[in-house]
Amino acid sequence: DVAYTKFVEWRKQHDFQVILSEAQVGSHERHYSGTIDCYAWIDGEKTLVDFKTSKAVYDSHLIQVAGGYKPLLIENGYPVDRVRILQIGRDPSEGFSDHVVKDSKPFERAFDSCLDLYYSMQAIKGAA
């Protein structure tokens with residue numbers, strides 16, 4: 001399997017110890033939840049990892065992971081030193097990338113804006 005082989009090659013280059021896998025976490029403060037693919041020690045840092053089987057890493061992926069999942073982990077007592085998305089192609093032509101997020105703040109603002117819009121739309125439906 002191409003995806004598995006690419007991950008194994010990446011894994012050999014890093015000290016990788018899983019803390020949580022497929023963990024459901026929720027926010028009492030913001031009233032949303034999600035399922036974290038992986039929270040692990042990677043090269044000495046507590047890292048949120050999301051696995052994306054796709055051709056590339058898209059803005060929506062970054063907003064979901066850095067903007068939504070990272071605050072969920074922090075609110076639930078799991079500090080996050082680093083956020084990374086492992087993009088794993090479905091076939092050799094789609095490649096593999098390890099995308100490390102440099103600054104989560106813009107993605108958190110975008111996620112918060114989307115969440116606010118969602119709640120506003122729900123209120124509109126209820127008011128009509």
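Why does Arg30 count as partly exposed? Arg30 has 22% relative accessibility, so it falls in the partly exposed class, where buried means under 20% relative accessible area, exposed means over 50%, and partly exposed lies in between (1.4 Å probe, protein chains only). Keep in mind that this is a predicted model, in which local features need pLDDT of at least 70 and side-chain atom pairs count only at pLDDT 80 or more, while totals for chains, interfaces and linings use all residues. Residues are numbered from 1 along each chain as its sequence is written, and side-chain values use heavy atoms, with hydrogens and water left out.

**Salt bridges**

- Side chains of opposite charge can pair when their charged atoms come close.
- The whole structure contains seven salt bridges, each being a side-chain nitrogen of Lys or Arg within 4 Å of a carboxyl oxygen of Asp or Glu.
- One of them joins Arg30 to Asp112, with 2.9 Å between the closest N and O atoms.
- This pair links distant parts of the chain, 82 residues apart: Arg30 sits in the loop between strand 1 (16-27) and strand 2 (32-42), and Asp112 in helix 3 (residues 105-127).
- Helices (H or I, at least four residues) and strands (E, at least two) are DSSP runs, numbered from the N terminus.
- Asp112 has 30% relative accessibility, so it counts as partly exposed.
- Arg30 and Asp112 also belong to a salt-bridge network together with Asp116.
- Within helix 3, Glu108 and Lys105 lie three residues apart, about one turn of the helix, and they form a salt bridge with the closest N and O atoms 3.6 Å apart.
- Glu108 is buried because its relative accessibility is 16%, whereas Lys105, at 49%, is partly exposed.
- Another salt bridge pairs Glu94 with Arg90 at 3.0 Å, N to O, and Glu94 is buried, with a relative accessible area of 12%.

**Aromatic pairs**

- You can find seven aromatic pairs here: rings of Phe, Tyr and Trp (its six-membered ring) pair if their centres lie within 6.5 Å, and planes under 30 degrees apart count as stacked, over 60 as edge-to-face and the rest as tilted.
- Phe7 and Phe16 make an edge-to-face pair, because their ring centres are 6.1 Å apart and their planes meet at 75 degrees.
- Both Phe7 and Phe16 are buried.
- Phe7 also pairs edge-to-face with Phe51, at 5.7 Å centre to centre and 80 degrees between the planes.
- Phe51 is partly exposed, at 29% relative accessibility.
- Phe7, Phe16 and Phe51 join Trp10 in a cluster linked by ring pairs.
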